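Here are some comments on the side-chain and backbone geometry. Please read them with the model open.

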Amino acid sequence: MGASKYNFDEIIDRRGSDATKYEELEVKYGRKDLLPLWIADMDFAVSPCITDALRRRLDHPVLGYTEAPAAFWQSICSWLGRRHGWEVSREEIDYVPGLKKGIGLCVNYFTSPGDKVVIQPPVYHSFRSVVESNFRVPVTNPLKLNEDGSYSMDFDSLEALVALERPKMMIVCNPHNPIGLQWSEDDLRRVADICYRNSMVLLSDEIYADLMLGGRRHVPTASVSPQAEAVTVTLGAPSKSFNIPGLASAWVVVKSPELRRGFFDWLTGSEFNTPPLPAIIATMAAYNGCEDWLDEVLAYLDANASYAIDRLAEALPAVSAFHPQAGFGLWIDFRGLGLGNERLEDLLVNEARVAVSDGASFGKEGSEFVRLNIGVPRAVLDEGLSRICKALSCRR
């Protein structure tokens with residue numbers, strides 16, 4: 001690997017910038033003096049390609065109503081084809097104002113109050129909260145935790161659950177958050193077949209698709225079979241990939257004309273699909289000019305994951321971690337310490353003084369796990385690991 005063009009070791013003080021990871025510490029954890037390694041954004045400086053594009057646009061003194069140019073849509077379609085081998089046409093894609101908001105819009109359009117929606121915990125907590133807050137009913141098909149620490153889908157259980165509950169939608173996280181697992185084509189094909197046979201919409205959250213580690217390729221859910229294409233609604237975004245979640249840019253792809261027409265018309269009716277000016281500029285810059293930045297980020301994240309796993313194995317042999325295949329969350333299993341979830345959280349917050357994502361927030365199946373954000377400079381990661389290892393080393 002050649003010399004790095006970007007410096008991801010730079011420590012940037014985000015306090016005073018209204019950063020959620022600092023502003024919500026006291027509300028979420030009860031104290032402010034914590035090293036924040038929780039919320040899923042990275043601490044790396046955004047690529048100059050993006051900030052320069054935003055500055056150039058601000059040289060124009062008028063910030064009026066803006067129409068997304070053809071180049072905006074083309075930048076997304078070209079990226080999906082170039083990066084993931086997935087051909088998407090302009091008519092098959094639309095804008096949504098953020099991934100979580102996109103989940104809410106899809107749940108509202110494709111289901112009705114009282115309908116059931118399948119989720120597979122431990123999984124992104126907003127799947128459950130968005131479903132519940134919109135008066136739908138989440139039904140769970142928990143992932144299977146295998147003896148080697150890997151996870152797999154329980155298809156027998158899924159078939160039985162669908163037959164019993166008759167859900168209208170299933171949400172799959174691909175790649176999976178918080179585990180960092182890229183599902184195989186076969187797994188996705190089986191899920192899509194179940195949804196197809198049971199007239200269910202398959203909503204695929206692919207926000208981590210660009211963050212594949214170790215040279216892996218992402219497998220878009222809708223690409224694995226004609227049945228998948230017929231039932232899948234795909235959500236994605238440049239936000240995690242290029243560290244711009246504050247700009248609220250995301251997109252939805254629907255290949256099926258039957259699913260797409262009414263949904264896109266509904267989005268248009270309330271202008272849910274009208275991208276704001278900063279999102280237009282940043283998205284085009286990211287997808288057209290920041291691929292080298294992303295490639296360097298991926299190498300840095302992969303090295304951070306290996307470093308963290310080695311540190312934990314040396315200091316806390318009873319603790320194990322899954323090396324993520326995608327993303328910047330490290331899924332760590334603390335069950336071997338025998339502390340229980342409440343005691344573990346207390347030690348991490350009040351002795352280690354680190355803020356990490358409680359595994360139980362992703363479902364009860366995540367109890368005594370945590371998700372650690374490794375999208376930080378190595379020195380920050382090292383400090384967090386040192387605090388964790390010191391606080392827990394005498395409790396093996």
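This is a predicted model: local features need pLDDT of at least 70, side-chain atom pairs count only at pLDDT 80 or more; totals for chains, interfaces and linings use all residues.

The points below cover ring pairs, charges over rings, and backbone features.

1. Every value below should be read as computed from it.

2. Aromatic pairs. A pair of aromatic rings is described by the distance of the centres and the angle of the planes. The count here comes to 22 aromatic pairs. Take Phe8 and Trp293: their ring centres are 6.0 Å apart and the planes stand at 75°. Planes over 60 degrees apart count as edge-to-face, so this pair is edge-to-face.

3. Buried means under 20% relative accessible area. Phe8 has 6% relative accessibility, so it counts as buried. Trp293 has 1%, so it is buried as well.

4. A stacked pair. Trp331 and Phe369 lie 5.0 Å centre to centre, with 15° between the planes, and the pair is stacked. This pair also links distant parts of the chain, 38 residues apart. Trp331 sits in strand E12 (residues 329-333), Phe369 in strand E15 (residues 369-373). Both residues are buried.

5. Ring cluster. Which residues do ring pairs link into a cluster? They are Tyr6, Phe8, Phe44, Trp79, Phe242, Tyr287, Trp293 and Tyr300. The edge-to-face partners Phe8 and Trp293 are thus members of this cluster.

6. Charges over rings. Arg190 lies over the face of Phe155, 4.0 Å from the ring centre. Arg378 places its charged end over the ring of Tyr307, at 4.6 Å from the centre.

7. Cis peptides. Most residues other than glycine have a negative phi, and most peptide bonds are trans. Two bonds to check are cis. One joins Pro121 and Pro122, with omega about 0°. Pro122 is in the loop between strand E3 (116-119) and helix H6 (125-133). The other runs from Asn174 to Pro175, omega near 0°. Pro175 falls in the loop between strand E7 (169-173) and helix H8 (185-197).

8. Positive phi. Arg166 is not a glycine, yet its phi is near 50°. Arg166 is in the loop between helix H7 (155-165) and E7. Its relative accessibility is 46%, so Arg166 counts as partly exposed. Glu271, also not a glycine, has a positive phi of about 55°. Glu271 is placed in the loop between helix H10 (257-269) and helix H11 (277-289). At 58% relative accessibility, Glu271 counts as exposed.

Methods
Residues are numbered from 1 along each chain as its sequence is written. Side-chain values use heavy atoms; hydrogens and water are left out. Rings of Phe, Tyr and Trp (its six-membered ring) pair if their centres lie within 6.5 Å; planes under 30 degrees apart count as stacked, over 60 as edge-to-face and the rest as tilted. Buried means under 20% relative accessible area, exposed over 50%, partly exposed in between (1.4 Å probe, protein chains only). Helices (H or I, at least four residues) and strands (E, at least two) are DSSP runs, numbered from the N terminus. A charge sits over a ring if NZ of Lys or CZ of Arg is within 6 Å of the ring centre and within 35 degrees of the ring normal.
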